[in-house]
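Look at the sequence and the model below. We will walk through them step by step.

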Amino acid sequence: MRLLDFLKGERKKSASVAKERLQIIVAHQRGHRGQPDYMPMLEQELLAVIRRYVKVDQDAINISLDSDNDCSVLELNVTLPNEGETVKG
Amino acid sequence: MAKIIVVTSGKGGVGKTTSAAAIATGLALRGNKTVVIDFDVGLRNLDLIMGCERRVVYDLVNVIQGEAGLKQAMIRDKRSENLHILPASQTRDKDALTLEGVEKVLMDLSEEFDYIICDSPAGIERGAQLALYFADEAVVVTNPEVSSVRDSDRILGLLSSKSRRAEQNREPIKEHLLVTRYNPNRVDDGDMLNLDDIREILAIDLVGLIPESEAVLRASNQGVPVIHDDKSDAGQAYADTVSRLMGEDVPLRFQSVQKRGLIARMFGGGGRR
Ligand SMILES: Nc1ncnc2c1ncn2[C@@H]1O[C@H](COP(=O)(O)OP(=O)(O)O)[C@@H](O)[C@H]1O
Ligand SMILES: [Mg+2]
């Protein structure tokens, strides 16, 4: 069996690729779990507004909502580019 | 008070209806008064798997809309007097179901039965949400395949946020993982996710492992839930699953390649009967 594997070339087994991909996607899904339905839209619209002023990538924005019993915090993280790359100077 | 168990998955074609039929039948064979409800309005299938398609007169939508009583719509299983089937409508669409209507039906059934099994439609939209909303427990049917595992995780999200137990801040729905269509040969070859990987990713308790089996197609051809085929691997795996749902601790089988002896092969015993 070993020899056979060797002759076929040491290809990574497809099941372990599947596992790695799933671990990433599931972690991402769980990060969004329980958030209000409007969050994806809010994220898109905020991004659109920011892009009117600054040139940022699609994935440069990250928003999350944390709530405990009596208070919710909307956290917005935007990675800004170096100076001089703004749309309107 | 009945225990309400939803059989759900997100993805279609993974074995929800096969599992709902087998589990409901198994619970009834073990002496529990059981009813299994088809929530797949517009695309009913459970009646075929249960072998009662020619006895369907009224359905879940008729009951909810007051056109028939529960007693008229429920079909008594031919093989087990403890088991009843409530079929889905073939002609209406899923908007014919209302939350209040479903609640009323489940409340009425609760008085008479020990277990109510809800066979969910695919997807994460309204139909699937109605099927899981009132559940006490959930059987999350998952195939060893990327899209099925991802969708199961989406369903876990719904179970923990869009159910009555979640909205009323009650004890959460008890989630069970049921891995089906498992092929130990392909797992050994490294081309199929193995059971431990799936458990690690979804992180919920395992209730059963059903191998990919020729017995399942044979059972659906005949309209006899596969759990009745107690010589088959899938039939036995579902029987184990039912025992675990009833709280028994039974060892896991069918996880590795079955080495069939010469005698078994000659007489065609085991899974290939
Ligand atoms: N363990 C299994 N081995 C082989 N085939 C299976 C198994 N479980 C389900 N199937 C087949 O997969 C198909 C889809 O099953 P079904 O129960 O209708 O899925 P769902 O209700 O999730 O759409 C059917 O053709 C069924 O016979
Ligand atoms: Mg189905």
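Asn169(B) counts as exposed because its relative accessibility is 72%. Exposed means over 50% relative accessible area, buried means under 20%, and partly exposed lies in between, using a 1.4 Å probe and protein chains only. Asn169(B) sits in the loop between helix H8 (164-167) and strand E7 (174-182) of chain B. Helices (H or I, at least four residues) and strands (E, at least two) are DSSP runs, numbered from the N terminus. Asn169(B) is not a glycine, yet it has a positive phi of about 55 degrees. Most residues other than glycine have a negative phi.

A word on the source. This is a predicted model, in which local features need pLDDT of at least 70 and side-chain atom pairs count only at pLDDT 80 or more, while totals for chains, interfaces and linings use all residues. Residues are numbered from 1 along each chain as its sequence is written, chains are lettered from A and ligands numbered from 1 in the order in which they are written, and side-chain values use heavy atoms, with hydrogens and water left out.

Now take Phe254(B). Its phi is also positive, about 65 degrees, although Phe254(B) is not a glycine. Its place is the loop between helix H12 (233-245) and helix H13 (262-267) of chain B. Is Phe254(B) buried or exposed? Phe254(B) counts as buried, because its relative accessibility is 10%.

Next comes helix H5 of chain B, residues 99-112. H5(B) has 14 residues. From first C-alpha to last, H5(B) reaches 21 Å, close to the 20 Å expected at 1.5 Å a residue. The expected span is 1.5 Å times one less than the number of residues. Which residues of H5(B) are buried? They are Gly101(B), Val102(B), Val105(B), Leu106(B), Leu109(B) and Ser110(B). An α-helix has 3.6 residues a turn, so residues three or four places apart point the same way. Gly101(B) has 11% relative accessibility.

Follow the chain on to Ile116(B), in strand E5 (residues 115-119) of chain B. Ile116(B) is buried, with a relative accessible area of 0%. Leaving out residues up to four places away in sequence, Ile116(B) touches Leu106(B), Leu109(B) and Ser110(B), along with Ala2(B), Lys3(B), Ile4(B), Ile5(B), Val35(B) and Ile37(B). Contact means heavy atoms within 4.5 Å. Ala96(B) is 20 residues from Ile116(B) along the chain, and their C-alpha atoms are separated by 21 Å.

Turn to chain A. Chain A has 3 helices and 2 strands. Its elements run α-α-α-β-β from the N terminus on. Buried residues make up 18% of its 89 residues.

Finally, see where the chains meet. Helix H2 (residues 14-32) of chain A and helix H7 (residues 146-159) of chain B have axes that come within 10 Å and cross at roughly 20 degrees. Axes are lines fitted to C-alpha atoms, for helices over the stretch in contact, and angles run from 0 to 180 degrees between N-to-C directions. H2(A) and H7(B) are therefore roughly parallel to each other, a term for angles under 35 degrees. H2(A) contributes Ala18(A), Leu22(A), Ile25(A), Val26(A), Gln29(A) and Arg30(A) to the contact. H7(B) contributes Val146(B), Val149(B), Arg150(B), Asp153(B), Arg154(B) and Leu156(B).

Conventions. Angles under 35 degrees count as roughly parallel, over 145 as roughly antiparallel, 65 to 115 as roughly perpendicular and the rest as oblique.
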